[in-house]
Structure formats: structure tokens, C-alpha cells
Amino acid sequence: GEQLMLGAPAWPVAKAQALDGRGDAAKKAKARDAGWAVQAAALGNCLNQLVPNLQALCAGTGQAEHVHQARVAMRRLRVALRELAALAPEGSANWANHNAALQAAFAQLGQVRDVQVSADQPDLQRALAAHGLTQAKGKARAQIALAEAAMAAARGTALQHSLVALLVQLAQPHAVGKALSAKATRQHLAARLQRQHRSLAKAAAQWSTLSTDERHTLRKRAKRQRYLVEFALPLMAEHAGAARAASRYLGRLAQLPEALG
């Protein structure tokens, strides 16, 4: 129905949008249930990116960018589930199950993404074929196989159950159970960010000695830090200095994935 209303032949690709530091989430962050407000803002932001891309994949009309952006959204959502659970613990009891469902779907879509990326690199394809690592398929047949694999990942029962549960949780008019106050929320997020920053700095100092896998892990941790800063932005809206500092820090974190290869 939404697709017909949009008049679009297929679902457009949805990319991550910045959280509004001056909107409702920032106002609620001053209240007693600030922890729940930050949770809700982060989860809603991630789902706004994830759901449209999954809809395209479920319909069998998704393209390579839908797969890529769905995986980005899943990564962001998993960071929110892991790092923000303590802000309103009673409403986060089943988040470990949600994270497991997302991780499984993320891995499935990762296999699709690997094939899509390698298909755009003829030299890689020839090298793989020379070592007997690929099976020749017609282009149309290969595209159908990729669409079916993406559709299966997006339609997975565990993933769909988790999405529904999270959407229902977001529909609650207020926090379920006790949530952290604004002050306690800021303290919790600051401690997490500082601890992860120190870990990143330590790893950076040892860069020349890190293995390929360790460097890849560092790259993922840098992304996790970036997403957590983004989720914390609504709490910084009333403090111009903190908001500017966070924006500068985000800019540097955004450059890290490319610098790390």
C-alpha cells in the first residue's frame, strides 16, 4: 500500500540519518526517563534505515545498495542494543535474542554482499576462477540466486519477530520500568565512550604489530564508537560546546574506516 502511494516501482534505498539533537528526544532527555528516551531515539533511527531496505529485499526487488544499507543499519542497531541496554534495563530484557537474530541475518547478507562486490571486480573474478574457487553461472541465473538469498535473509522468522518486538516497544508512550535519569545517562554514556576511546588509542599505538584480523577488529570498533557518539547526541543538544566537540570527533571517526582500509 505504501509503495502504491509513493508511486515508486521499488522501495528507494534508505541511508542513515542524523539524530535530531533539538527534537523530542532531546526534550525528553531532561526528564526522569532520559535513559528510555535515548534508547527510543536510537532504536527508531536505526529501524527507519533498516525496515525500508528489508522491504525491498523481501519483495525480491532489492539491489546491491539495499543489501549494503541493510547491513549498515543492522550494525548500527546491534550497537544500540548492546551499548544502550543499561539505560532502561527492564525494557531491554530480550535484547540479547534480538542481537542474535540480527547477527545471523547480517552474516547471511554478508555472503550476498561479498558476491555482489566481487562481481564488480573482473580481475578478482579471473583470479578466483584460475584457482577453481568459483562456479561459472549465467548472469541472469546468478542475479536470481542473489535475490533469493537476500530475500531469505530478510524474511527470516527470528529477524521478523525481533523487528516486530522492537516496533512494539517503541510504540509504548513511556518507559517500561525504571530508566536512568538524564545525569545518570550522561555518566553511563561518557564512561562507555571514554573506555572505548582509550582502547582505540592503545590499539592505534600498536598498529604496526597488529595482524590483519586485529586491524579489521579495530576498524569495527571505530565504527561502534562512531555510532555510540551519534546515539548520545540528543543529550548534548543543550550544551553547545559539547555538541561542537562531538561533531568534530564524529568527523574524525568517519575518516577512520577509509584510513584503515
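Over which ring does the charged end of Arg215 sit? The charged end of Arg215 sits over the ring of Trp207, 4.2 Å from the ring centre. Here a charge sits over a ring if NZ of Lys or CZ of Arg is within 6 Å of the ring centre and within 35 degrees of the ring normal. Arg78 lies over the face of Phe106, at 6.0 Å from the ring centre. Aromatic pairs number zero in a search of the whole structure (rings of Phe, Tyr and Trp, the last by its six-membered ring, pair if their centres lie within 6.5 Å).

The model is predicted; local features need pLDDT of at least 70, side-chain atom pairs count only at pLDDT 80 or more, and totals for chains, interfaces and linings use all residues. Residues are numbered from 1 along each chain as its sequence is written, and side-chain values use heavy atoms, with hydrogens and water left out.

Helix packing was examined next. Helices are DSSP runs (H or I, at least four residues), numbered from the N terminus. The axes of helix 3 and helix 4 come within 8 Å and cross at roughly 150 degrees. Helix 3 is therefore roughly antiparallel to helix 4 (angles over 145 degrees; under 35 is roughly parallel, 65 to 115 roughly perpendicular and the rest oblique). Axes are lines fitted to C-alpha atoms, for helices over the stretch in contact, with angles from 0 to 180 degrees between N-to-C directions. Helix 3 passes helix 4 in a left-handed crossing. Residues of helix 3 in the contact include Leu43, Cys46, Leu50 and Leu57; those of helix 4 include Val67, Ala70, Met74 and Leu81. Contact means heavy atoms within 4.5 Å. By class, this contact of helix 3 with helix 4 has 16 nonpolar, five polar and one charged residues.

Helix 3 (residues 34–58) also meets helix 9 (residues 182–205): their axes come within 7 Å and cross at roughly 55 degrees. The two helices are therefore oblique to each other. Ala34, Gly35 and Val38 of helix 3 and Ala182, Thr185 and Leu189 of helix 9 make the contact. Four of these residues are nonpolar, two are polar and none is charged.

The axes of helix 4 (residues 64–83) and helix 10 (residues 212–232) come within 10 Å, crossing at roughly 70 degrees. Helix 4 is therefore roughly perpendicular to helix 10. Their crossing is right-handed. The contact has six nonpolar, no polar and seven charged residues.

Conventions: Left-handed = near helix turned anticlockwise from the far one by under 90°. Nonpolar A, V, L, I, M, F, W, Y, C, P; charged D, E, K, R; others polar. Phe/Tyr/Trp six-rings, centres within 6.5 Å; stacked < 30°, edge-to-face > 60°.
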